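The notes follow the order in which I went through the structure.

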Amino acid sequence: MFDKLRTKLRNFSETIERKVTAKGKAALEGETILDDEDLKKPLEELETALLESDVALSVVEELISGVREELEGKRKKWGLDTGGLVKEALRDALLKVFPVKRLDFEEFVNNKQKPVNIVFAGVNGTGKTTSIAKVAKKLLGGGHSVVLASADTYRAGATEQMEEHASNLGIKVIKHQYGADPTAVVYDAMKYAKANRKDVVLADTSGRMHTSINLMEQLKKICRVTKPDLVIFVDEAVAGNDAVERAKKFDEVVGIDASTLTKIDIDAKGGTAISIAHSTSKPILFLGTGQGYDDLESFNEGWLIDRLLGENGGDIRNVS
Ligand SMILES: Nc1nc2c(ncn2[C@@H]2O[C@H](COP(=O)(O)OP(=O)(O)OP(=O)(O)O)[C@@H](O)[C@H]2O)c(=O)[nH]1
Ligand SMILES: [Mg+2]
């Protein structure tokens, strides 16, 4: 018993000695060693800022513990602001959330064999149909021809909504009857695009809860049969914590290639983009910034990170 106690005491005193020696050595060189106590306050402040910016809790916890691990035990020059170091470490951690390679949409469409098949998916009301109309306008502006596939055969009025956009933009919609198999609609739209030398098919799918097994199977079938070149997951800025599960599930079931985050004009905090990118490791392609056809911005992680760290005044158009 006394032996055990003696060993414990020896280990304890050795640890203290190591710490004191390390701290003393650092002090002689005009530096200090960051410990839990130094990091506590700045990390708490950042945690609050991320949560207030709508980054999902699970993602915030992971980011903060990564920053803590990165900094604890590191040396810091006397007088250097610990908060500043923490912020820089967080910036690095946030940058790592985004895939190294951005997806350049224009380049992607230019390089793909035509017609390019792009399927939009997500839960109800997130802005899929509106985003399709915006992307169609963008493609038309870039000199591409576009066909819309109204593969939301489930919600009453969905095809009419799509037809209205198509008529405003002067493009063709391929549609079937209400209740028809959505896979057949996308298939026919691709057939039409091939026969009529159209460049891009934008396929609208009905909103579905990620927990609905049947509807997720239906989406899987669309993707299995029509083999989209790009599956875009659409979610909204206000989704917050919910975005993590949804994004993961859509990615797991159909393998998404990129995401679009809408309604950033309503809640421009944008932390949901971090949660989605973190959960899927896929790029964010666009931000929806309003209800008009031109309210679509290419995503820029630098802008978002500056915004989360409170460095660009939060103007969505401060995109460099
Ligand atoms: N403020 C704002 N509203 C948007 C944006 N994108 C879409 N909306 C609006 O959100 C509502 C739903 O948009 P839809 O495009 O119909 O959404 P959806 O995902 O197709 O909906 P379902 O087909 O029912 O699942 C509409 O009133 C749109 O005008 C955006 O970026 N900003
Ligand atoms: Mg829709």
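**Notebook: loops, ligand shell and a buried strand**

I began with S281, which counts as exposed at 52% relative accessibility, where exposed means over 50% relative accessible area, buried under 20% and partly exposed in between, with a 1.4 Å probe and protein chains only. I found S281 in the loop between α11 (271-280) and β9 (284-288), and its phi is positive, about 55°, although it is not a glycine. I note for context that most residues other than glycine have a negative phi, and most peptide bonds are trans.

Before going further I wrote down the conventions: this is a predicted model, in which local features need pLDDT of at least 70 and side-chain atom pairs count only at pLDDT 80 or more, while totals for chains, interfaces and linings use all residues. Residues are numbered from 1 along each chain as its sequence is written, chains are lettered from A and ligands numbered from 1 in the order in which they are written, and side-chain values use heavy atoms, with hydrogens and water left out.

**Other backbone entries**

I then looked up R197, which also has a positive phi, about 50°, without being a glycine. R197 sits in the loop between α8 (182-195) and β6 (200-205), and with a relative accessible area of 73% it is exposed.

I also checked the peptide bond between K114 and P115, which is cis, with omega about -5°; P115 belongs to the loop between α5 (105-111) and β3.

**Whole protein**

For the overall picture I recorded 12 helices and 10 strands, taken as DSSP runs numbered from the N terminus (helices H or I, at least four residues; strands E, at least two). Of the 320 residues, 48% count as buried. The accessible surface comes to about 16,200 Å², with 50% of it belonging to carbon and sulfur atoms; the areas come from the Shrake-Rupley method with a 1.4 Å probe, and for residues only the protein chains shown count as cover. Among contacts (heavy atoms within 4.5 Å) with a separation of 6 or more, 76% are between residues 24 or more positions apart.

**Ligand 1**

Which residues come nearest to ligand 1? I listed K128, T129, T130, D265 and Q291, out of 20 residues around the ligand, a residue being near if one of its heavy atoms lies within 4 Å. Helix α6 (residues 128-141) gives the most to this shell, with four residues. By class I noted one nonpolar, 13 polar and six charged residues in the shell, where Ala, Val, Leu, Ile, Met, Phe, Trp, Tyr, Cys and Pro count as nonpolar, Asp, Glu, Lys and Arg as charged, and the others, Gly among them, as polar.

I followed the backbone as well: a polar backbone atom of K263 is 2.9 Å from an oxygen atom of ligand 1, a backbone N or O atom of T126 lies 3.1 Å from a ligand oxygen, and for a backbone N or O atom of G290 the distance to a ligand oxygen is 3.3 Å. Taken alone, ligand 1 exposes 650 Å², of which the protein buries 82%.

**Strand β7**

Is strand β7 (residues 230-236) enclosed or open? I found seven of its seven residues buried, so the strand is largely enclosed by the rest of the structure. In a regular strand the side chains alternate between the two faces of the sheet. Here L230, I232, V234 and E236 point one way, and V231, F233 and D235 the other way, all of them buried.

I traced the neighbours next, counting two strands as paired if DSSP finds at least two bridges between them. Strand β3 (residues 116-121) runs parallel to β7 and is joined to it by four bridges, with I118 opposite L230. Strand β8 (residues 258-262) is also parallel to β7, through five bridges, and there F233 stands opposite S259.

**Two last residues**

I looked up Y187 in helix α8, which is partly exposed with a relative accessible area of 46%. Leaving aside residues up to four places away in sequence, Y187 touches V225 and T226. The C-alpha atoms of Y187 and I222, 35 residues apart along the chain, are separated by 8.5 Å.

Definitions and conventions:
Polar contact = N/O pair within 3.5 Å; in protein donor to acceptor, adjacent residues only side chain to side chain.
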